[in-house]
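Here are some notes for a first look at this entry. Please read them next to the sequence and the structure.

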There are 2 protein chains.
Amino acid sequence: MISVKELAKEAKKASKELSLVTTEQKNTALKAMAKKIRDMEVEILRENEKDLVAGKEKGYDQALLDRLALTSERIEGMAKGLEDLTNLTDPVGNVVSNWTLDNGLDVEKVTVPLGVIGMIYEARPNVTVDATGIALKSGNAIVLKGGSSAIHSNRAIVAVLHEALEETDIPKDAVQFINTTDRSATQELFTMNDYVDVLIPRGGGKLIQTVVQNATVPVLETGVGNCHIYVDEFADVTKALSIVKNAKTDRPAVCNAAETLIVHEKWLEQHKEDLQTMLDQNDIELYGDQKAMKVLTDVLPAGEEDWSNEYLRKAIAVKVVSSLDEAVDHIEKYGTKHSEAIVTEDGSSAERFMALVDAAALYHNASTRFTDGSALGFGAEIGISTQKLHARGPMGLPEMTTIKFKMRGNGQVR
Amino acid sequence: MISVKELAKEAKKASKELSLVTTEQKNTALKAMAKKIRDMEVEILRENEKDLVAGKEKGYDQALLDRLALTSERIEGMAKGLEDLTNLTDPVGNVVSNWTLDNGLDVEKVTVPLGVIGMIYEARPNVTVDATGIALKSGNAIVLKGGSSAIHSNRAIVAVLHEALEETDIPKDAVQFINTTDRSATQELFTMNDYVDVLIPRGGGKLIQTVVQNATVPVLETGVGNCHIYVDEFADVTKALSIVKNAKTDRPAVCNAAETLIVHEKWLEQHKEDLQTMLDQNDIELYGDQKAMKVLTDVLPAGEEDWSNEYLRKAIAVKVVSSLDEAVDHIEKYGTKHSEAIVTEDGSSAERFMALVDAAALYHNASTRFTDGSALGFGAEIGISTQKLHARGPMGLPEMTTIKFKMRGNGQVR
């Protein structure tokens, strides 16, 4: 039986050492990990194969098996990701502000690592490497709890990372792996407030809600994106069709894909043929409200679950409105505060939409697909925060830090 | 029976309106509230008297009655606090960063209000005004749940604030008051995730822990300060004595007061008479470990509760160590991540201490008493965060905001 508490305690201890290491020491470790991953490709693939065989026996669907599968290319991607991190600015030790009080006390507000990150995720084994790299570059220790479907892959990857770290100044205890498929181990992590500073759940909505509902450790909520495109009365038809098509079909299974099309009744009346053609040509299943069913063809009735949930496939719910505010209200009711777009040639409507809608990312005349660390040029991303505290939107290295006030005096008292 | 859900819903609705108001409209409202508070002083004092009479009947101690009591001076302080807020920079609409992607998409990261703040507090009626002022200036709606001991005072104050808001552009629904002494109302607030964006508990450790343990709404944890002064081997005696005296005796009941003195054995051996004299002259009760009891006089044995809890009076626990790292370990074990100080003439020891100790504020040769919004020049403070996510240390207006990414394009897709 694994003691999650002992692992977390070791991570906390290692995090103290990490608070003293230099950027160079961290980069050396990242490079060593990248090299070792490349060197051990065959071993990692062999262990991944065990997960895939087990997964097929359990009857996993193809999408899940795809997420689980490693290839030479994906392993190279993991190694490259670690190397890329060495080129990013160290987020630690950044003086956010500093000033001197009248009494001469120097005040410095400086970024420091969060401490210990608890990472709870599902099938993708690359998260093991990506999250570890981001944690270490930002000076944090990490406790990894991957999905049971990837246990062999993750075990092999962590062994490789540990081996690499042994030749560096970064303590291998900074990377802890909960080597079990037992779910109670995850739950132990939820309340490990003494040793874990933040939990980051990454995966489906159910996983994330379980963590949010049960954790006393602070959580950085990521990822569920029930995103809307609102095509306003004054939307340009070319832009509207191209944005809806892209947001729905480019990668339907990702969180920044669109799930609902809200369309102004006047625009719809005028452009219904063009819209229908685009939807049909792209094999998009249609669900909709009464008005949508009346104007468009092949529309199935949309119920609460259509408005509330992500399809994550080429299907979209169509809601017809008679005003921008009605669109805003619909998003307020069903949105997940991820990414929301308006298509309009009316600038003031666009600004009103972006002011009123409560989400991490608001788009005027662009696809929601840009809510993504790499698309925005962050260089690394550990998830997309859909909460408001601490970090919102794509989270990169700076979001894995907190601050300290360092006060330097010569005897000041109040 | 009050429906907390209905109040929270109203607050959420009002918060939408607040996202469109100007700085001037907010300042006008703050001034109107200040004026009305001054105008209604007699009425507020009369209601406060009811709380004081009830408190005396219930046998409240003098400290609690003091916190509960309003005076002309305190009412003027509340009004002045609102006026002061009008001079502070509006934290909303601040462009944190902006850039343009290669495809021409403009990305703007801009500060926006959190939305609805749930404020849970105890006896001090001035928190009703202070928190409301900070919430409104930062564009947030607020749901107030004050202590039952102050119910008459808070009810009167909120009535005055509502009356003032009626003459302004700020909707009075932006200020909601849970007008009951029923504790289950507070608990309803804990899980009001759809309508409340953040809970800020302010008061004793027990209140704060209840909120942290039971809330699913994100919490900004404030205030418990089990602060340490570490007097290093190479501490200047004058600085050391003056800092310990100030941190312990200036205002022993506040969170940034010192509760434990950690002292290096060599320094103690050399300066025991001076230390003893200072402690005696200031009537400081002493608790300590075996070594402290041997070197100093009138020291009672310190147990776990002495190391773990705040005295909040003129008492201090003395721990003797033989190294800086032993001091760091003690703070790691018992500290509350609030404010921690080292007194030393050795700069590298000071930097090591400030790097290793995990707290919001670290002091080299200064009193812990400076961890305070007004001392640091923040202008307004809603509490001192002892957590790491979102805000750490004194929280002012900027900490009551989050960000939005606003993306402006002309049809960009991926």
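1. In this predicted model, B:Glu285 is partly exposed, because its relative accessible area of 33% falls between the limits of 20% for buried and 50% for exposed. B:Glu285 belongs to strand β9 of chain B, residues 285-288. Leaving aside residues up to four places away in sequence, B:Glu285 is in contact with B:Arg313, B:Lys314, B:Ala315 and B:Ile316. B:Ala380, 95 residues away in sequence, lies 34 Å from B:Glu285, C-alpha to C-alpha.

2. Chain B also has an open sheet of 4 strands with parallel pairing, in the order β5-β4-β3-β6. The edges are β5 (175-177) and β6 (198-202) of chain B; each has a single partner strand, so one side of each has no neighbour in the sheet. On average, and with direction ignored, neighbouring strands of this sheet are turned by 20° against each other.

3. Within that sheet, β3(B), residues 116-121, pairs with β6(B) in the parallel sense over 5 bridges. B:Gly118 is opposite B:Leu199 of β6(B).

4. Two helices of chain B that pack on the sheet deserve a look. Helix α1(B), residues 4-18, touches β3, β4 (141-145) and β5 of chain B, and its direction makes about 150° with that of β4(B). Helix α7(B), residues 151-165, also touches β3, β4 and β5 of chain B; the direction of α7(B) makes about 155° with that of β5(B).

5. In chain A, strands β1 (residues 95-100) and β2 (residues 106-113) pair in the antiparallel sense over 5 bridges, with A:Asn98 opposite A:Glu108. The two strands form a hairpin with 5 residues between them, and A:Gly104 in the turn has a positive phi of about 95°.

Conventions
Residues are numbered from 1 along each chain as its sequence is written. Chains are lettered from A and ligands numbered from 1 in the order in which they are written. This is a predicted model: local features need pLDDT of at least 70, side-chain atom pairs count only at pLDDT 80 or more; totals for chains, interfaces and linings use all residues. Side-chain values use heavy atoms; hydrogens and water are left out. Two strands pair if DSSP finds at least two bridges between them. Buried means under 20% relative accessible area, exposed over 50%, partly exposed in between (1.4 Å probe, protein chains only). Contact means heavy atoms within 4.5 Å. Axes are lines fitted to C-alpha atoms, for helices over the stretch in contact, and angles run from 0 to 180 degrees between N-to-C directions.
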